[in-house]
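Here is a short report for a reader meeting this structure for the first time. Please look over the sequence and the model before reading on.

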Amino acid sequence: MATYIQIDPTQKLDPFKSVKKLPLEEYFTSGHRTCQGCESALVMKMMAKAAGPRSIILGSTGCMYVANTTYYSTSWVVPWMHTQLGSSGSAALGTSAALKVLMRKGKIKNEPINVIAFCGDGGGADMGVGAISATLTHAEYNSLILMYDNESYANTDIQLSGSTPWGANTTFSSPGKVKRIMHRRWKKNMAGMMAAGHPECKYVATICMSYGLHGMNSIRKALAIGGPTFIHSLDPCPKGWDYDPYLSHEMGELAVNSGVWPLYEVENGLLRLTGRTEQIAAGKIRRVPVRDYLLKQGRFAHFTNDDIDYFQSKIDDMWEKWLIPGVIPFRRDVEADTPPSS
Amino acid sequence: MSYTELTVWTRGIIMDKEGRDIVNSISASARLEGKYAQAMENYVDNPDRTNAPTRKYCRVSDTVLENELTYENEHPNIVVLVEGTMVKGWDYMRGMPPGGTLVINTHYSPEYMIRFVPGAERLSQLVCIDAARLAHHKWLYYRLGELGLDRLSTEGAAERSKLMAPDIAAPLIAAIVKTTGIVKMQTIQPMIVNKNAFEMALEELRIMPLNPVAV
Amino acid sequence: MSTKGTRIPDWLKVPFAGITPGPSQDKGQNLFPTGNWRSIRPVYRDKLPPCNNACGTNEKIQGYLDLVKRGKYLDAYALIKEDMPFPSVTGRVCYHPCEQACNRGKYDEAISIRAVERFLGDLGQSLKHDVVEAGPSNGKKVAVVGSGPAGHSAAYQLARIGYKVTILEKSSKAGGLNRGGIPDWVLPQHILDREIERLIELGIAIKTNCEVGKDVSWDDLKRDYDACVLAIGLTEPNGVRAEGEDKEGVLYGLPFLRDIGMGTSKVKLGPRVAVIGGGNTAIDCAREALRQGAIEVTMITVEANTDEMPCSPEDLHDMLEEGVDLWHGRALTAVLGAGKVETLQLHPARFSGAINASPITINRNVPAERFAVDNVIIAVGQRASIDWLPQEFKNERGTIKIDRFGRLGDTNFFAAGDIAQFGSGQPLMVVNAVGDGKRVAFNLDKALRGEPLQPRTVAVDVIMDLNRMNMTYFPHFPRAHQSMLSPVTRRKTQVEVIQGFSEKQASEEAGRCFSCGTCNACDNCYLVCPEPCIARPERSNGLYKILVDYCKGCRVCIEECPTGCLEGVPELDFDTGVVRMDTAFAISPGLHGRQAEELLNLASRPAKDI
């Protein structure tokens with residue numbers, strides 16, 4: 001019954017041509033209580049700007065819920081709703097379904113409305129991964145799940161999450177005198193996982209808002225394509241990553257340029273590297289050494305040269321030995337993994 | 001009978017420990033002197049955001065504290081601003097009875113800072129101390145962004161430094177104790193780690209006497 | 001389970017956004033004015049780009065490049081005309097100190113500013129009416145002596161202010177050094193003619209064949225005019241104090257070029273020509289000699305290598321391409337020959353560096369070289385001819401004695417250009433003369449109106465340094481080069497050697513400009529602000545407003561400003577911007593109370609629809 005699943009029409013969202021062509025309206029305004037130099041707040045601002053006025057924003061618990069909606073106040077000009085930590089996916093699906101029903105019954109005007117649920121890496125990659133996965137299988141409901149990834153539970157003071165990279169210093173993995181590397185797992189590959197396992201999902205992308213136009217256009221594409229979509233955004237966090245807030249933007253650029261954070265999109269099953277990553281893959285620009293990226297952050301301050309070399313070798317592996325460089329970690333050969341002794 | 005309230009205004013994350021050190025050391029030394037004392041932090045202010053304003057409270061009394069469970073200092077006699085720019089930001093003078101003291105960490109003179117103080121007629125003295133210069137240059141205003149170091153301590157999960165007042169808290173404590181006499185100098189001085197800054201502050205603080213209290 | 005029939009209390013029906021002040025797009029939500037988190041405030045403050053500073057007449061180079069980038073060519077031309085009367089001329093002949101100072105030169109290659117200027121100048125030439133108009137007449141008459149770059153510039157600026165200007169020119173054609181010192185293949189005559197027509201369109205009278213000291217006297221000038229600008233230049237060539245300099249066939253650089261430029265030249269050059277000197281005039285003479293029929297041209301300089309030569313390296317390169325020989329470290333000591341020059345006697349020489357009348361040390365102990373030539377052109381600088389000037393206004397350098405405003409004593413006479421700049425350490429170049437003429441014209445105006453004067457030297461503002469800019473936003477991009485005639489074809493013709501930019505080239509080249517230190521409305525701060533507290537209220541460019549009530553002072557915009565226009569200023573330096581919150585989380589003591597009241601009063605409100 002191929003005709004059973006009917007995708008509702010979506011808003012027509014053309015990509016922004018340039019910064020000058022951006023709409024002037026802000027749907028996420030000033031007055032929120034995020035930290036100085038918070039890149040996640042920038043993601044929210046650009047997400048709201050890209051989505052436009054006819055949108056509903058759903059936020060699962062995390063920095064962007066707590067700081068933006070403190071004490072009965074909010075920075076959201078568009079309608080928003082809070083949802084529980086692990087249920088951003090369920091909320092997106094439910095809101096989309098409810099809108100569909102209300103429109104069918106004629107209770108509200110029949111028009112395409114963007115439904116965006118955001119979650120942090122704790123709410124998305126750790127707790128809510130099941131709900132997100134479920135949502136991405138429901139092809140008939142239009143929704144976007146945006147995971148802003150600051151690589152820790154930053155709201156509750158930097159606890160370790162499934163997204164924290166190897167060796168980073170968090171409240172749960174503080175380096176000590178006996179053991180230096182307290183966190184020995186690698187970051188979860190959320191976008192790759194979502195793209196690989198969800199045939200109904202038409203669009204999965206990774207973005208970094210240091211490249212704002214690219215990020216906004218990815219969001220617009222995800223909203224316009226219809227069905228459930230997923231975007232994974234890397235957000236430098238001055239508090240959690242421990243650097244001076246003015247470097248926020250530069251840290252995102254370094255993450256992309258060093259190859260730690262590849263930008264790509266999977267559109268209707270078609271993989272495409274985008275932005276700077278595309279240029280790196282085409283050999284137009286060289287990757288910046290990971291050292292530049294790591295040593296600017298206090299959370300890697302305890303790294304020795306061996307640790308940095310090991311980190312670099314893993315990033316090189318990602319680019320050279322993965323079957324799809326930067327995206328899916330399948331390899332051709334078994335390799336020895338020799339992390340430095342802690 | 002004397003009852004004194006001390007409110008410390010500080011910045012979340014970057015200067016959180018400094019504010020806590022001030023109230024903890026003063027209440028601890030008051031208890032050593034046989035007084036009733038209490039120190040606590042304010043979580044209502046959402047202290048876990050970089051640079052967000054947060055308050056720390058301390059109460060010292062000769063008799064049993066009756067308002068032990070009140071979570072806010074309603075009538076602070078002494079107000080401390082750990083970062084100078086805060087002087088523009090809040091009504092930290094709210095509820096202050098006449099004859100209060102305001103201590104600011106700044107390199108500006110009290111004559112310059114008084115213009116930003118609301119309700120200055122309630123002050124008996126305005127004290128400015130350049131704690132950043134005395135303690136460590138990293139506390140200068142243009143380097144504040146680098147101070148992510150105590151980010152883990154806000155909720156007390158893990159504090160990197162167990163020392164009491166290793167940095168700018170020391171000169172500020174010196175300024176408070178010298179100008180108000182809330183505790184005795186000889187009880188608090190041994191607790192302070194940064195003795196050098198403490199002693200320098202005793203000499204270098206700038207006091208602007210204002211309205212004397214009619215006894 | 002159906003929710004039908006479930007009773008929802010009235011006070012829950014209203015969304016919370018109706019209770020607390022709702023956020024608005026331009027004001028933000030006013031419960032948390034987070035501006036008091038800030039200890040450093042971002043401030044837009046335009047700084048002086050190095051090109052504007054280096055330019056002899058302080059053209060607003062960054063300004064017109066920005067306009068060209070946006071395709072507003074006429075606006076750009078109008079901007080350039082504020083400081084420069086003839087961009088079509090300087091676009092060809094300028095030694096472009098701006099390009100040497102260009103910050104882009106430290107990054108990849110300097111911007112080809114001169115070529116863009118020429119593009120704009122040529123655009124101005126094709127206009128039927130110039131964009132500049134004469135100011136409202138103030139009834140005062142001013143004489144400008146000399147129509148070279150300085151005189152041209154002074155007359156132009158004075159006419160724009162509203163003076164009735166008369167230019168006195170001793171030659172038969174106006175133009176001065178622009179006509180007589182610059183060869184046709186650099187600056188075609190019709191370009192200059194057009195620029196002089198523009199002067200006449202401004203209402204300026206030009207009296208040619210009118211030499212001060214011969215046709216007009218000092219007293220005449222004093223009597224007939226309210227004020228006077230002396231821009232007489234350095235007209236008399238220097239000699240090299242060699243024996244036999246008066247022989248036939250010995251020519252001097254500037255008169256040689258001047259006669260060709262004025263069309264009065266009777267010189268026939270032989271096949272072998274030597275040029276003495278290493279400056280720009282010497283190079284022009286050597287290249288002109290080729291075009292005048294010489295076959296072998298040799299340039300003889302005292303300087304030990306090309307780096308020491310006081311000339312533009314590009315011109316030197318072009319000259320060598322055209323096949324001129326270059327000899328270093330020799331000085332002309334005698335011109336030998338029977339009545340006519342036949343052989344030159346050369347001795348090794350070098351600059352001694354001593355500051356005295358003759359900084360050249362000639363080693364006469366070694367045997368002299370002999371060098372057979374048919375003509376020798378001596379181009380080793382010029383001096384002034386001011387015999388007619390009252391003695392009190394002459395100085396020991398043989399030029400006019402002026403104060404630091406360019407004024408002769410307390411008279412209404414001013415001096416500008418080479419005659420004023422000679423010996424002052426300023427380069428004697430067209431653009432510097434133009435700048436001097438401009439500043440002296442403004443001073444003359446101030447003097448006649450009784451206002452305090454401004455020194456001729458410009459006070460230096462903060463000049464933008466490359467280190468304070470963010471290079472992430474500027475990809476490397478090569479400089480566009482102007483096409484040139486090939487050396488073989490050009491060395492025999494008077495056709496212009498360097499070609500102009502096309503519109504596409506000019507706009508591309510202007511697009512490479514960093515806009516050092518100046519806001520060029522790139523919208524980057526607007527984009528990167530996470531608050532968002534940088535507002536762009538309308539689409540017009542560069543009108544950003546920082547909402548100080550909300551700016552948390554994270555300094556991302558300062559760091560990410562590509563041009564370095566944004567800077568951080570300590571918040572306590574401002575009296576304004578006080579955001580007085582009552583507690584850490586409410587702006588005024590009553591706000592929470594009011595909310596509580598509103599909550600109580602909710603029952604009386606009509607229930608809203610969804």
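## A buried glycine in chain C

C:Gly406 is buried, because 30 other C-beta atoms lie within 10 Å. A residue is buried if 20 or more other C-beta atoms lie within 10 Å of its own, exposed if 12 or fewer, and partly exposed in between, with C-beta atoms placed from the backbone. C:Gly406 sits in the loop between β16 and β17 (413–415) of chain C. Helices (H or I, at least four residues) and strands (E, at least two) are DSSP runs, numbered from the N terminus.

Which residues does C:Gly406 contact, leaving aside neighbours within four places in sequence? They are C:Phe414, C:Ala415, C:Ala416, C:Ala420, C:Val440, C:Asn443 and C:Arg456. Two residues are in contact if their C-beta atoms, placed from the backbone, lie within 7 Å. C:Ala441 is 35 residues from C:Gly406 along the chain, and their C-alpha atoms are separated by 9.6 Å.

## About the model

This is a predicted model, in which local features need pLDDT of at least 70, side-chain atom pairs count only at pLDDT 80 or more, and totals for chains, interfaces and linings use all residues. Residues are numbered from 1 along each chain as its sequence is written, while chains are lettered from A and ligands numbered from 1 in the order in which they are written.

## The three chains

Chain A has 12 helices and 10 strands. Of its 342 residues, 56% are buried. Its C-alpha atoms fill a box of roughly 65 × 50 × 40 Å along the principal axes. A compact globule of 342 residues would have a radius of gyration near 20 Å, and chain A agrees, with 20 Å. That radius is taken over C-alpha atoms, and the globule rule is 2.2 Å times the number of residues to the power 0.38. Among contacts in chain A with a separation of 6 or more, 69% are between residues 24 or more positions apart.

Chain B has 6 helices and 7 strands. Along the sequence they follow the pattern β-α-β-β-β-β-α-β-α-α-α-α-β. Buried residues are 54% of the 215 in chain B. Residues 24 or more positions apart make 71% of the chain B contacts with a separation of 6 or more. Chain C has 21 helices and 20 strands. Of its 610 residues, 45% count as buried. For chain C, 73% of contacts between residues at least 6 apart in sequence join residues at least 24 apart.

Helix α12 (residues 253–262) of chain C has buried residues C:Gly253, C:Leu254, C:Phe256, C:Leu257, C:Arg258 and C:Gly261. Their cover includes α9, β6 (236–237), β7 (250–252), α13 (280–291), β15 (375–378) and β16 (382–383) of chain C. After α12(C) comes C:Gly263, with a positive phi near 80 degrees.

C:Arg179 belongs to helix α9 (residues 177–180) of chain C. Is C:Arg179 buried or exposed? C:Arg179 counts as buried, because it has 24 C-beta neighbours inside 10 Å. Not counting residues up to four places away in sequence, C:Arg179 touches C:Lys173, C:Leu192, C:Gly261 and C:Met262. C:His190 is 11 residues from C:Arg179 along the chain, with 10 Å between their C-alpha atoms.

## Two helix pairs

In chain A, helix α1 (residues 39–51) packs against helix α7 (residues 212–225) at about 50 degrees, with axes 9 Å apart. Axes are lines fitted to C-alpha atoms, for helices over the stretch in contact, and angles run from 0 to 180 degrees between N-to-C directions. α1(A) and α7(A) are therefore oblique to each other. Angles under 35 degrees count as roughly parallel, over 145 as roughly antiparallel, 65 to 115 as roughly perpendicular and the rest as oblique. The residues of this contact divide into 7 nonpolar, 2 polar and 2 charged. Ala, Val, Leu, Ile, Met, Phe, Trp, Tyr, Cys and Pro count as nonpolar, Asp, Glu, Lys and Arg as charged, and the others, Gly among them, as polar.

In chain C, helix α7 (residues 113–126) and helix α18 (residues 503–511) pack at about 135 degrees, with axes 10 Å apart. That makes α7(C) oblique to α18(C). C:Ala115, C:Val116 and C:Phe119 of α7(C) meet C:Ala506, C:Glu509 and C:Ala510 of α18(C). The residues of this contact are 5 nonpolar, no polar and 1 charged.
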